[in-house]
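Visitor: I would like to learn how to read strands and sheets in a structure. Could you take me through it slowly?

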Amino acid sequence: MGLLYPGALAFFALIPVLVLAYLAKERPSRVTVSSVLAFRALRGFRRERFGGWPRLDWMFFAEVLILSLVVLALAGPFIWKRTAPLAVVLDNSAAMQAATRLGKSRFDIAREKLDAELSAEDGGGEISVYVTAPQPRRVAPPFSTLTEARLALSRIKPTDAPNDQTTLENFLSNLASEARLAKVIFAGANALAAPVPARIHPIAVGDAVANVAIGSFSLRREVLGAEALHASITIANFSPDTRTLDLVVTGDGKEVAHAKEALGARETATLEFPAIPPARIYEAKLAPDDALALDNVAYATAGSVKNVSILFISPTPADAEGLNSIPGVAVTAKSPDSYSPDELGTYDLAIFEYAAPKELPGVNTMLVMPPPGDPVFGLTVTPTAKVEIAGWRTTDTLTDSVNFRLLSLRGGEYFGAHPWMSQVVGGNGGALVLKGERGAHRFVATGFNPFPYLGRRNLPMSVLTLNAISYLAGLGGSSSGYRTGQPWLVPAGVARVILPSGRKVGAHPGTLFTDVSEQGVYELVGAGGAQTPRAVNLADLTESDLSSSPLLKVEAANSGSTAEPVMEKSSVSDYLLFAIIALTALEALILYRRHRTIEAAP
Amino acid sequence: MFGLPDEFTPGFLARLEKLRIRTRQRYAGLGRGMHLSPKRGSSLEFNDFRHYSPGDDFRYIDWGLYGRSDKLYIKLFQEEEDLLTYIFVDASASMGYPAGDRKFESAMLTALALAYVALASGDRVMLRVLGGKGAKVNPSFVNGRHRIVELARRLHDLRPGGQFDFATSLATELLSIRRAGKVFIVSDFLMLLNSVTRGLGMFTAASMDLTAVQILGGRELNGQGLDGDVEVVDSESGERLRVSIGERERTQYRDTMLRLTREIKSFCLKRGLHYALYTTDQDFQQFFVRAVRDLGLAH
């Protein structure tokens, strides 16, 4: 027993004040009676009698008690309590959805075993419940009773997201190193590599299960302006036998491709479909059905228009005329003043000439000679009167077939080193062309303006421009590439997102969207109601490999050999507060009743 | 019911009609009635003989006595007359406290019930109010049971209030009474015992048959609603007393109240008066039916 703030006990000096106040307040109530005859026999006030004491009834003592409790509560009393805190980690990754031979899923079995393990505990301390996917996290503040913890466990559902193995290992290692924890129970598909810290009690439910899976489903345009798309689908066989897998691709519900492939045990293959007709949403389905239905389906989306639509934002919109001459390209020119991020949703890509967006665009974007001090991309710009090319990547898509020796440039600007965009073409004063990906979108920045030179007058410049537009239009925001559990930036103009389950979630452009645990097609809804589909897949063959789950290496910093009992300060202020409230309410009730009785009397 | 208080149900009125006022002596009335009068008259009850005088009615000559004594005697019979009933209701301020006990209302109910018994028996009733606020009740005799509505209406406008000396006030009332009869005094009698005995004693001295009906509040009798340090104020004299009331004091107070009632009862019984105590926490109808003898009534 101890006090956090012993100085507060000085408030006990208030009690004599209360006594004085009570005595001062003890004035008689005046009551008119029919006759005072019978009262004459009674004695006068006790305090008015010689040697008499003030009339301190039980209410006075109740008030003294309340004040004492308040002072005691202010002093922060606590008791030392022997506790044995418990951590429960339940693997809720996609692999836990796999059905076992028992007819139940791995997740259900893990939860039942955890429940049984918790039933055997004595519940001496708080219980923290964690899940592992997409990232390890605690589901709620620590529970004080086993019943609450078991109830919380029963509410957890498996996600479509895989585990991040490294993060999970670090997380378990941290828990195993926590000296205050008496025990860490981990129930999951992955077994722990020896030596297992003594504090950790693993429950492995990852029995080998045969499985076939789709690894990835990507779409791209081979040729700029072509209608058909090229689909690449990776499939894998994680069963001990050779299997003939049947893959059907549908576009907006109609079958657009079909393939059969015989795969040996633990073999992987990539199926190419070069001419997939345009559709809004594609679904690839793998047969035969197996233990994990989740990875037998994958989704992809692509623009269904033939032309590449470009939003050209520039203070000199006339520069877009050169782009308009390219077949299959439709350009809409706007000045920076009239540009709104909401418009981007209807274009395949955007070009900002001598301008920069105020937030990260939701489409692939080209920046042409961006102004210095741009906060979104953070490009370091050094203007120069004469741009000189010193080197370039020879194998890059952007530099393909460009004869840089014939490229003549005048004024421009050099870029400094950029955190996520890499140099493709460089000059003496820095980078001249940068490219990079962010939030599943592609970005290209050039330190010179190619558009005034398009056409036969400057052929290398035309080729470089076409390469850039092809690169940006080839794999747009509508292609696949999003994976469950991996947050993405909300594109500009998106007001809310409709999840595959139908749930609607509000979204703010430029912020990370983290509600990405479901596999399927997410609809990005703009302020005007326009919907853009976005496919999110498991696309993780490691997770799909149910035949051999990798061992988790968990190491405890302090060897974690013994679970030491922990002495914790347990505050009793709550109990005191409860007693204070109860006593105050009781006194108020009695005072009220007494007041009413006296009022109703004479 | 017809302007009467709610307690006067048809059943209760029927029970009241079966009652009559009992007196210990005979009183002369103002008209024919059901009570034997000290006067001689024409009732069936024989009283005495007297010598025949010319002009006497032949029908009353006792011919058997003439045969035995050879003298003419006239048979005399007792007269039956109505009873003059006086009902005094205390409407002083003390009857208004404690308000929740409705003492004055109970006093009015008692007075009306007694008046109805008298009126239903063919007697004359004079209702007098001592103290009080509001319209005064006309101090004249009424007879006929239908007049109960008129009495009820008159009492309805009265409110308790004011202060009076019990003995002096009764003496004044007594002076205005010309004929003796039955007297009911309805009061809480919460005054000095000396004043009560002097007041009641005057009526016995005037050969009146008296019934004292004491009305006390149920809460008043038990000292309910008083707790802790209380300054009690007398409703009539304004006298103030400061007392501490706890359980023990409450018991002491109750004992004192009961002793006061016992003393009044003892005085009444010693003087041959009727005494009845009604506490307002009782059912009025049940009280009236059970206390018939104490009230000086008979079936």
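Visitor: Which residues of S5(A) are buried on one side, and which on the other?

Guide: In a regular strand the side chains alternate between the two faces of the sheet. This is a predicted model, and in it both faces of S5(A) are covered, with Ile127(A), Val129(A) and Val131(A) buried on one side and Ser128(A) and Tyr130(A) buried on the other. Because five of the five residues of this strand are buried, S5(A) is largely enclosed by the rest of the structure.

Visitor: Which strands are joined to S5(A) by bridges?

Guide: Strands of a sheet pair through backbone hydrogen bonds, either parallel or antiparallel. Strand S4 of chain A, residues 86–90, runs parallel to S5(A) and is joined to it by five bridges, with Leu86(A) standing opposite Ile127(A). Strand S6 of chain A, residues 137–138, runs antiparallel to S5(A) and is joined to it by two bridges; here Tyr130(A) has Arg138(A) as its bridge partner, and a hairpin of five residues connects S5(A) to S6(A).

Visitor: In what order do the strands of the open sheet with S9 lie?

Guide: The order is S9-S10-S13 in chain A, with antiparallel pairing. Strands S9 (212–220) and S13 (267–276) stand at the edges, each with a single partner strand, so one side of each is left without a neighbour in the sheet. From one strand to the next, the twist averages 15°. Eight bridges join S9(A) to S10(A), residues 229–237, and one of the paired positions is Ser218(A) with Ser232(A).

Visitor: Is Leu229(A) buried or exposed?

Guide: Leu229(A), which lies in strand S10, is buried, with 25 other C-beta atoms within 10 Å.

Notes: Residues numbered from 1 in each chain as written. Chains lettered and ligands numbered in written order. Predicted model: local features only at pLDDT ≥ 70, side-chain atom pairs only at ≥ 80, totals over all residues. Pairing = 2+ DSSP bridges. Helix = DSSP H or I, 4+ residues; strand = E, 2+ residues; numbered from the N terminus. Axes fitted to C-alpha atoms, helices over the stretch in contact; angles between N-to-C directions. Buried ≥ 20, exposed ≤ 12 C-beta atoms within 10 Å, placed from the backbone.
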